[in-house]
Structure formats: C-alpha cells, structure tokens
Amino acid sequence: MGRFNGGFLMKLFSTPPVLSGKKNKKRKKLLKAQRKALKRADHPFESDKAADCRGVVLSNRAYLSVLSEVYSRDPLETGGIFFGNVKNGVWYVAEASDPGVYTLHTRAHHEMDNNYHNHIYPVLSRLYQHGLCLLGLWHRHPGSLDTFSSDDDRTNHSFAEVIGNGAVSMLVNLDPTARLTCYYLSKNGEYRTVPVMVGDKYFAGTGFLELTTSEALLKNKDRLQAEIFDPEEA
C-alpha cells in the first residue's frame, strides 16, 4: 500500500510562495509572475480534453525511471509521480519521479516526500515546450497483487480531486519480470483498467517530448523564479 504525506497536492496548485525582497516593486513583479504561473498550471486541468482516459503512454525515460527505482528498492515497496500532458483522451507520461529523499519503504508500505515533489515539479516542467501537468502516480506492489489497498484508494481519490478530471494510478509487479497494470479513476469515482504503451514513438505528432530553448527560458525568467518551491514556506 502507498501513502502520500499531505501537503503536496494542495501546495502544488496553490499560489507559489513570495520570494523575499526589499522593494515593493520587486514584490509586485513576483506576484504578477506567480499569477501567470498559477494560470499556466491550471490550464490542462480545466480543459474538457482531459475529461477521460482511453490509454496511457510512457516515454522511454519515464519507463526507465520507474524500473530503476523498483529494482533499486526490491523487494521493498516504492513509488512516484507521473507528469505529462493529455491529448484526445490519451495521457502521455513524459516524466516519472522517484519517491524523494525523506521516504519510508517496507515490503507492504511506502511513503513519499511531498517537499521533494513540490520542488521537482517545476524543475522538470520548465524543460519542456508544453510544460508538464500532474497526471497521477505509480507504485510497486508485493508479489502479484495488482489491486489497491484502502490507503491506495484514498491517495488515488486525492489526486483525482486535485487534477479535476480523474487520475491515472499504475501498479508495478515483479512476477518475476516487470508487469504494469494501469487504472484510471474517473472524476465520478469509478475505476477501470486502461491499456499502457511504452516508447517515445507513441508521442509522435504531439510535441510533448520537445524541449524548450535557452531563449524561452530567459524570456520566462520571472515565472521560473516564482515557481521555486521553498519548504520553509509550505
């Protein structure tokens, strides 16, 4: 079973903390950038294009990130977060995180580091032309168990509530090779399994793996500064 320490879900989509500054002009500039950052983060979840899920695609990088974390903790349970974009009912996972720094792992339970994920979300998102949004989560289960515990169910519902259009939740089993089982929890609270495809080739035509440019980063410098997460202000 997996448990996510509270704070990340709401903090991720709340207004970013105000960076300290001596002049009101600097503060106003940061607040303006924060409002832009919030609008940018909210957009994918307000779109009816993300109202359903008919399949999940993992990039090569995301898939390797999941496997490397699972193998490094075996036989203990572990997990992470999915970031990506949605198009025509397909949820494209560009990045899959590890659980963080301050974590707990046993054979039947794990807890992730919410401060770590609040930090890594903008760090990863700013590298992509389209940015990244929260899609759901993944975690390793012991043996061949590919259904959710009560703790898992509560966590899944928390993610679905924040995303606004449901959430994907993937289970990884080693029996003995890696096996993926992906569920979509709809905004109506109903689970169903959805097919999973792995490979960058399935991203063709989406642009979701396209990286940003140095020019774009410079242009959005104020927004980047506003998105930095300070654990002391959580």
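**Close-up 1. Ser97 sits buried in this predicted model, with a relative accessible area of 6%.** Look for Ser97 in the loop between β4 and β5. Its side chain makes a polar contact with the side chain of His117, at 2.8 Å. Leaving out neighbours within four places in sequence, Ser97 is also in contact with Gly79, Gly80, Ile81, Phe83 and Trp138. Since buried means under 20% relative accessible area, the 6% of Ser97 qualifies.

**Close-up 2. Eight strands line up as an open, mixed sheet.** Reading across, the order is β10-β9-β8-β7-β3-β4-β2-β11. The edges belong to β10 (191–193) and β11 (196–198), each of which pairs on one side only. Neighbouring strands are turned by 30° against each other on average, ignoring direction. As background, strands of a sheet pair through backbone hydrogen bonds, either parallel or antiparallel.

**Close-up 3. Strand β2 (residues 55–58) pairs with β11 in the parallel sense.** Three bridges hold that pairing, and four bridges join β2 to β4, again parallel. Zoom in on Val56: its bridge partner in β4 is Trp91, and in β11 Val196 stands opposite it. Val57, for its part, stands opposite Met197 of β11. Which way do the residues of β2 point? Gly55 and Val57 go one way, Val56 and Leu58 go the other, and all of them are buried. In a regular strand the side chains alternate between the two faces of the sheet.

**Close-up 4. Helix α3 (60–73) packs on the sheet.** α3 touches β2, β3, β4, β7, β8, β9 and β11, and its direction makes about 55° with that of β4. Which residues of α3 are buried? They are Ala62, Val66, Leu67, Glu69 and Val70. These cover an arc of only 165° around the axis, so they lie on the same side of α3. The other side has Leu64 and Ser72, both exposed. The buried residues of α3 pack against β3, β4, β5 (104–105), β7 (133–140), β8 and β9.

**Close-up 5. Helix α5 (residues 150–163) lies across several strands.** The strands under α5 are β3, β7, β8, β9 and β10. Compared with β7, α5 runs at about 170°.

**Close-up 6. Two Asp-Pro peptide bonds are cis.** One joins Asp74 and Pro75, with omega about 10°. Pro75 is in the loop between α3 and β3 (79–87). The other runs from Asp175 to Pro176, with omega near -5°. Pro176 is in the loop between β8 (167–174) and β9 (178–185). For context, most peptide bonds are trans.

**Close-up 7. Asn88 has a positive phi, near 50°, without being a glycine.** Most residues other than glycine have a negative phi. Where does Asn88 sit? Asn88 is in the loop between β3 and β4 (90–96). Is Asn88 buried or exposed? Exposed, with a relative accessible area of 57%.

Key. Residues numbered from 1 in each chain as written. Predicted model: local features only at pLDDT ≥ 70, side-chain atom pairs only at ≥ 80, totals over all residues. Heavy atoms only, no water. Helix = DSSP H or I, 4+ residues; strand = E, 2+ residues; numbered from the N terminus. Buried < 20%, exposed > 50% of the residue type's maximum accessible area, 1.4 Å probe, protein only. Arc of directions from axis to C-beta. Contact = heavy atoms within 4.5 Å. Pairing = 2+ DSSP bridges. Axes fitted to C-alpha atoms, helices over the stretch in contact; angles between N-to-C directions. Polar contact = N/O pair within 3.5 Å; in protein donor to acceptor, adjacent residues only side chain to side chain.
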